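Have it open next to you while you read, and take the points in any order.

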Amino acid sequence: MASSLVMGLDLGNTSCSVAVYRQGAVDVIANEQGSRTTPSCIAFTEVETLLGESARSQLVRNKENTIVDGLRLLGREYDDEDFQTEMASWRFNVTKGKDGSPQVNVQLKGEAKSFAASRLLSLLFGRLRADADAWANEPMKEAVVAVPADFSERQREALKE
């Protein structure tokens with residue numbers, strides 16, 4: 001029998017939330033810290049990759065390896081003038097990828113690594129999905145995704161990919 005559960009993701013530039021629709025009701029799922037919102041933050045350390053609140057909590061001491069506003073990278077061109085203006089305020093390092101898209105450069109476990117925006121988003125998405133799967137005691141197979149209102153059509157298409 002097919003599951004009647006549907007996961008809803010609200011992906012925001014500063015925070016995200018996940019909900020599950022079941023039997024005509026929507027439940028907003030709490031994360032490991034008990035919060036119903038998860039910071040849209042990813043941090044890379046000498047030991048691990050941190051997501052959400054744990055990533056945000058060490059922002060001050062690991063600013064070059066902590067990605068905030070990472071969703072803004074999705075579907076953007078590195079050389080775009082507006083993107084360059086936004087990038088000037090970030091503490092993490094962004095360079096131009098081979099395809100002209102932005103790449104985030106960090107140190108992870110002592111090694112230099114580059115991540116495309118889509119990879120960063122998949123890490124965050126995976127975390128939210130794991131929270132929903134754990135809450136429902138079964139894997140989510142369907143999802144509805146909401147994105148920031150200021151997302152361009154190109155950013156929406158990049159998210160779909």
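1. Sorted by class, the second largest pocket has a lining of three nonpolar, seven polar and three charged residues. For the classes, Ala, Val, Leu, Ile, Met, Phe, Trp, Tyr, Cys and Pro count as nonpolar, Asp, Glu, Lys and Arg as charged, and the others, Gly among them, as polar. The space in this pocket comes to about 150 Å³. Its lining has 13 residues, and nearest the centre are Thr14, Ser15, Pro39, Ser40 and Arg56.

2. Before going further, some background. This is a predicted model, where local features need pLDDT of at least 70 and side-chain atom pairs count only at pLDDT 80 or more, while totals for chains, interfaces and linings use all residues. Residues are numbered from 1 along each chain as its sequence is written, and side-chain values use heavy atoms, with hydrogens and water left out.

3. Now the largest pocket, with about 310 Å³ of space. Its lining counts 16 residues, and Leu74, Gly75, Asp99, Ser101 and Ala158 are the closest to its centre. Two or more lining residues come from each of strand S9 (102–108), H3 and helix H4 (153–160); H4 gives the largest share, three residues. By class, the lining has six nonpolar, four polar and six charged residues. (A pocket is an open set of points on a 1 Å grid over the protein atoms alone, where a 1.4 Å probe fits, with protein on both sides within 12 Å along at least five of seven lines; lining residues have an atom within 4 Å of a point.)

4. Which residues make the nonpolar surface patch of about 270 Å²? They are Tyr21, Val26 and Val28. (Patch residues have over 30% relative accessible area and no salt bridge, and nonpolar side chains are joined within 5 Å; a salt bridge is a side-chain nitrogen of Lys or Arg within 4 Å of a carboxyl oxygen of Asp or Glu.) Val28 sits in strand S3 (residues 25–28). (Strands are DSSP E runs of at least two residues, helices H or I runs of at least four.) Val28 counts as partly exposed because its relative accessibility is 38%. (Buried is under 20%, exposed over 50%, partly exposed in between, with a 1.4 Å probe and protein chains only.)

5. Two backbone angles to look at. Asn137, not a glycine, has a positive phi near 60°. Asn137 belongs to the loop between helix H3 (117–136) and strand S11 (143–146), and is exposed at 70% relative accessible area. Asp69 also has a positive phi, near 65°, and is in the loop between strand S7 (66–68) and helix H2 (81–87).

Notes
Patches are made of residues with over 30% relative accessible area and no salt bridge: like charges are joined within 9 Å, nonpolar side chains (Val, Leu, Ile, Met, Phe, Trp, Tyr) within 5 Å. Accessible areas come from the Shrake-Rupley method with a 1.4 Å probe; for residues, only the protein chains shown count as cover. Grid points are joined across faces, edges and corners, and a volume is the space filled by probe spheres set on the points.
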